[in-house]
Amino acid sequence: QVRLVESGGGLVQPGGSLRLSCAASTTIPYTKATGWYRQAPGKQRELVADMTIGGSIKYADSVKGRFTISRTSANNTLYLQMNNLKPEDTAVYYCNFHVTYLGDEHDYWGQGTQVTVSS
């Protein structure tokens, strides 16, 4: 059974940094893309950053220049380096592995890690 285990969240002051990690319990075949999403209270889950298996990267406009997504060469650990954090970055962050196989699609999600930016 595939599990995604996240770590690295916490409380940080504005302007600070955090690095989130997402470790898959096993190599996930047919992964098409991996990414980070976040959900703030009362808001819908939104894409933060996404990386295709080929290495193409997309960021939400609100985090461009501050956040960096990366992945190990084995594609089983995903990272999100977050710099110059702002209070509006406060949310639960989820990692995602998107799989496609013979026309079927499936999403694996981490359990979520809380990021709170506050002075």
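Is L102 buried or exposed? In this predicted model, L102 has a relative accessibility of 73% and therefore counts as exposed. The residue belongs to the loop between β9 and β10. Its phi is positive, at about 50°, although L102 is not a glycine.

**Backbone angles**

Most residues other than glycine have a negative phi. A further case of a positive value in a residue other than glycine is Y30, with phi near 65°. Y30 is located in the loop between β3 and β4. A positive phi near 80° is also found at G42, in the hairpin of β4 and β5, where six residues lie between the strands.

**Aromatic pairs**

A pair of aromatic rings is described by the distance of the centres and the angle of the planes. Over the whole structure, a search returns two such pairs. In the pair of Y30 and Y101, the ring centres are 4.2 Å apart and the planes meet at 40°, so the pair is tilted: the angle falls between the limits of 30 and 60 degrees. Because Y30 lies in the loop between β3 (18-24) and β4 (31-39) while Y101 is in strand β9 (residues 91-101), the pair ties together parts that are 71 residues apart in sequence. Y30 has 48% relative accessibility and so counts as partly exposed. Y101, at 40%, also counts as partly exposed.

The other pair is formed by Y37 and W109, and its geometry is edge-to-face, with 5.1 Å from centre to centre and 70° between the planes. This pair, too, links distant parts of the chain: Y37 is in strand β4 and W109 in strand β10 (residues 104-109), 72 residues apart. Y37 has a relative accessible area of 21% and is partly exposed. W109 is partly exposed as well, with 35%.

The two pairs are listed here.

| Pair | Centre distance | Plane angle and class |
|---|---|---|
| Y30 and Y101 | 4.2 Å | 40°, tilted |
| Y37 and W109 | 5.1 Å | 70°, edge-to-face |

**Charges over rings**

Two arginines are placed against tyrosine rings. R19 lies over the face of Y79, at 4.0 Å from the ring centre. R45 has its charged end over the ring of Y94, 3.8 Å from the centre of that ring. Y94 in β9 also stands opposite Y37.

**Strand pairing**

Strands of a sheet pair through backbone hydrogen bonds, either parallel or antiparallel. β4 and β9 are antiparallel and pair over eight bridges. β4 is also joined to β5 by six bridges, again in the antiparallel sense. Within that pairing, A33 stands opposite T52 in β5.

Four strands make up an open sheet with the order β1-β3-β8-β7 and antiparallel pairing. Its edge strands, β1 (4-7) and β7, each pair on one side only. From one strand to the next, the twist averages 15°. Within the sheet, β7 and β8 pair antiparallel over five bridges, and F67 stands opposite M82 in β8.

In soluble globular proteins, nonpolar side chains tend to be buried together. The largest nonpolar core here has 27 residues, of which W36, V48, F67, L80, M82 and Y93 touch the most other members. At least two residues of this core come from each of β3, β5 (46-52), β7 (67-71), β8 (77-82), β9 and β11 (113-117). The strand that gives the most is β9, with five residues.

What is M82 in contact with, leaving aside its neighbours within four places in sequence? The contacts of M82 are G16, S17, L18, L20, R66, F67, Y93 and V115. F67 and Y93, like M82, are among the core residues that touch the most other members.

**Surroundings of Y108**

Y108 is in strand β10. Its relative accessibility is 26%, so Y108 counts as partly exposed. Leaving aside neighbours within four places in sequence, Y108 is in contact with V2, L4, I28, C95, N96, F97 and V99. Y108 and T26 are separated by 82 residues in sequence and by 12 Å in space, taken from C-alpha to C-alpha.

Methods. Residues numbered from 1 in each chain as written. Heavy atoms only, no water. Phe/Tyr/Trp six-rings, centres within 6.5 Å; stacked < 30°, edge-to-face > 60°. Buried < 20%, exposed > 50% of the residue type's maximum accessible area, 1.4 Å probe, protein only. Lys NZ or Arg CZ within 6 Å of the ring centre and 35° of its normal. Core = buried A, V, L, I, M, F, W, Y, C linked by side-chain atoms within 4.5 Å. Contact = heavy atoms within 4.5 Å. Pairing = 2+ DSSP bridges. Axes fitted to C-alpha atoms, helices over the stretch in contact; angles between N-to-C directions.
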